[in-house]
2 protein chains.
Amino acid sequence: MLEQVTVAVDANGADLGPAEVARGAALAAERGVRVILFGPAGELEAAGVEVVDAPVSIAKAHDPARAVRSTPEASIVQAVEAVASGRADALVSGGSTGAALAASLFRFKRARGVHRPALAIVVPVPGAPFLLLDAGANVTVRPEHLVQFAHMGAAFMEVVMGVRRPRVALLSNGEEPSKGPEDVVAAHEALSASPGAIEFVGNVEGFAIGSGVADVLVADGFTGNVALKVMEGTSDVLLRSVRAAATSSARSRLGGLLLRPALRGLRDQIDPQAHGGAVLLGLRHLGVVPHGSFGARGFASAIEVAERGVREDVLGRTHERLAEAGALRRPRGGAGEAQAGGEASGRDRKRSEAGPSVPAANLPES
Amino acid sequence: MLEQVTVAVDANGADLGPAEVARGAALAAERGVRVILFGPAGELEAAGVEVVDAPVSIAKAHDPARAVRSTPEASIVQAVEAVASGRADALVSGGSTGAALAASLFRFKRARGVHRPALAIVVPVPGAPFLLLDAGANVTVRPEHLVQFAHMGAAFMEVVMGVRRPRVALLSNGEEPSKGPEDVVAAHEALSASPGAIEFVGNVEGFAIGSGVADVLVADGFTGNVALKVMEGTSDVLLRSVRAAATSSARSRLGGLLLRPALRGLRDQIDPQAHGGAVLLGLRHLGVVPHGSFGARGFASAIEVAERGVREDVLGRTHERLAEAGALRRPRGGAGEAQAGGEASGRDRKRSEAGPSVPAANLPES
């Protein structure tokens, strides 16, 4: 057992306010995680949690990348800084994805051999939860990025979610290897080429959600983001419609009342709070970005996911996987390791020196 | 009122068999549509419907494009031929999207001034149905293709679905005009530039499904296809879960029983059969592609959508819209009409002479 893991938590940005994040931090602290909370100290009462007074919030900043640079006193920047300096081991943001991504990408370097960080999220399908990545960090990708996402996702599911030999699929518009845009076809070929390194099950279509055929679904950040939000939108409208049906007559109301406990069970199964939110993979430190709407329970989950990721060394295990699969980015100037899907371009190699420095959602194609 | 519209229907390919398609054809004929049915005459009993014996089916062909070329006697090829030759006014396929697309693209020329045909489908959201296009005809697109899809979709919703001044949105990963891949950003700019020509409401995210903010959602065929199937997958898994919840205990079973009539109403609202299936827009003839799982009612709807499209001249109205918006493809070699989003490339212009000749799902980027 490792020594205690410390998680730096930004308390600003949550819809329910900093006090709710503090309650989540207290829950996680009870379960043995060391937490440093950055936010307005006056609002943060959390037993067993260290509080750093950082009242300035950039959670609603219009241009998060600029806000991060110009506001070193902001709570998210201080939390990220605590991780970068080694005072804490991982980051949890208070609910503003934009600011959390911008601050992490600004301050955390990319993990060794990784082309691009990716946002990964456990989609809570009843009986068949799966990891979707990239859920929005990279609007455009190259095949070797998709290949790395596959390995990064597999490592996360194995290490943090305890799935043995996770089955990985590419999200496409058909199951045949030839389906999809060029990049997806090339990634399919590369992943098929090293069958031992990963349990690659090929392309899956959106129908596959809920079928349990894959534990990890890989897409570029645009398609992944659209798919994720389409799931949320579809889920919302359907559950709303079921609720409306259950209040449409006296008979239906009685039916709805009798059914309520069972439907509550379903609601718990599809509650995204259980999994802590999105995880930023591929940087030198782990970051977890809960949804802004989460309550204390969701923030506690996020902190525990971050803690587990550090304790089980998800970053190290990801690196091992990428190395074994020959999917590491070729080191700058050297002959280095083999790389799936083609050469890293000069620009890509160059950017790796400085680490990513723009908000992930706007990362330009390199 | 125009003279009677004739719809050519391929009876092969439906999951429930040619007889079910024939029943749908009979329903449509009862409502005044002239139908010519192509399929195994022995199985096709349909009052008031002309039957052409065409027992050969390529609905399950592995390579639909090749099958279309090598099998002129196939029912879908004969049905398409009937439309191309003017014997019928529009096409309805028996349920094999691949064969229907391949045959239509092989034999129908692209509509004047249209870059690319698109597959459009009415998504049956309770209270807020909308048209999604491209749902799978073009894996990659250019901005001017997205712009044309916007106008094509608006014309369809106006003319066939009776929506006055349909609101059109681009499906993206954020609402800001800067969000999305380059092509989406450029299409956003082009659509914003002519505010009178179209009711463009900007980018929407997947959350917007069910919100009723847009009547037409425009995407490239890869993203659109993934989104459509994710909706279906999410919808399936949720309704299955609700059903499972409703049988999980005696109390729940009673609740489910009481709720059943109201839920049946919801099921009818989200039944894709009501809208007849996917519509192939942008060719010189209209094609409707029902889902293979449809029953007689779904095929009847498809035939009626095709009939309405012809009677209300959706192709002519689409052309007018594109012309008014300056979004027509520049005619080959001429100064011609203005074109949104840039010049047509030489290859694009060249291909337009022969008409599309490859299965839409594999249309190469031009």
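This dialogue walks through how to read some local features of a predicted model.

Q: What should I keep in mind about the numbering and the model before we start?
A: Residues are numbered from 1 along each chain as its sequence is written, chains are lettered from A and ligands numbered from 1 in the order in which they are written. The model is predicted, and local features need pLDDT of at least 70, side-chain atom pairs count only at pLDDT 80 or more, and totals for chains, interfaces and linings use all residues, while side-chain values use heavy atoms, with hydrogens and water left out.

Q: Let us take a strand. Which residues of strand 11 of chain B lie on each side, and are they buried or exposed?
A: Helices (H or I, at least four residues) and strands (E, at least two) are DSSP runs, numbered from the N terminus. Buried means under 20% relative accessible area, exposed over 50%, and partly exposed in between (1.4 Å probe, protein chains only). In strand 11 (residues 286-289) of chain B, B:Leu286 and B:Val288 on one side are buried, and so are B:Gly287 and B:Val289 on the other. Both faces of this strand are covered.

Q: Which strand pairs with strand 11 of chain B in the parallel sense, and which runs antiparallel to it?
A: Two strands pair if DSSP finds at least two bridges between them. Strand 4 (residues 90-92) of chain B is the parallel partner, with three bridges, and B:Val92 stands opposite B:Val288. Strand 10 (residues 278-281) of chain B runs antiparallel to strand 11, also over three bridges, and B:Leu280 has B:Gly287 as its bridge partner. Strands 10 and 11 of chain B form a hairpin with four residues between them, and B:Gly282 in the turn has a positive phi of about 100 degrees.

Q: What about phi in residues other than glycine, and which peptide bonds are cis?
A: Most residues other than glycine have a negative phi, and most peptide bonds are trans. Here B:Arg165 has a positive phi of about 45 degrees; B:Arg165 sits in the loop between helix 5 and strand 7 (167-171) of chain B and is partly exposed at 40% relative accessibility. B:Asp313 also has a positive phi, near 55 degrees, in the loop between helix 9 (296-311) and helix 10 (314-324) of chain B. As for cis bonds, one joins A:Leu133 and A:Asp134, with omega of about 0 degrees, and A:Asp134 is in the loop between strand 6 (130-133) and helix 5 (143-159) of chain A. In chain B, the peptide bond from B:Leu133 to B:Asp134 is cis, with omega near 0 degrees.

Q: Which parts of chain B does the salt bridge of B:Arg31 and B:Glu304 tie together?
A: The closest N and O atoms of B:Arg31 and B:Glu304 are 2.3 Å apart. B:Arg31 lies in the loop between helix 1 (18-30) and strand 2 (34-39) of chain B and B:Glu304 in helix 9 of chain B, so the pair ties together parts that are 273 residues apart in sequence. B:Arg31 is exposed, with a relative accessible area of 51%, and B:Glu304 is buried at 19%. Salt bridges can also share partners: A:Arg34, A:Glu50 and A:Arg87 are joined into one network in this way.

Q: Which residue lies 9.6 Å from B:Val9 in space, C-alpha to C-alpha?
A: That is B:Ala88, which is 79 residues from B:Val9 in sequence. B:Ala88 lies in the loop between helix 3 (75-84) and strand 4 of chain B and is buried at 3% relative accessibility.

Terms used. Salt bridge = Lys/Arg side-chain N within 4 Å of Asp/Glu carboxyl O.
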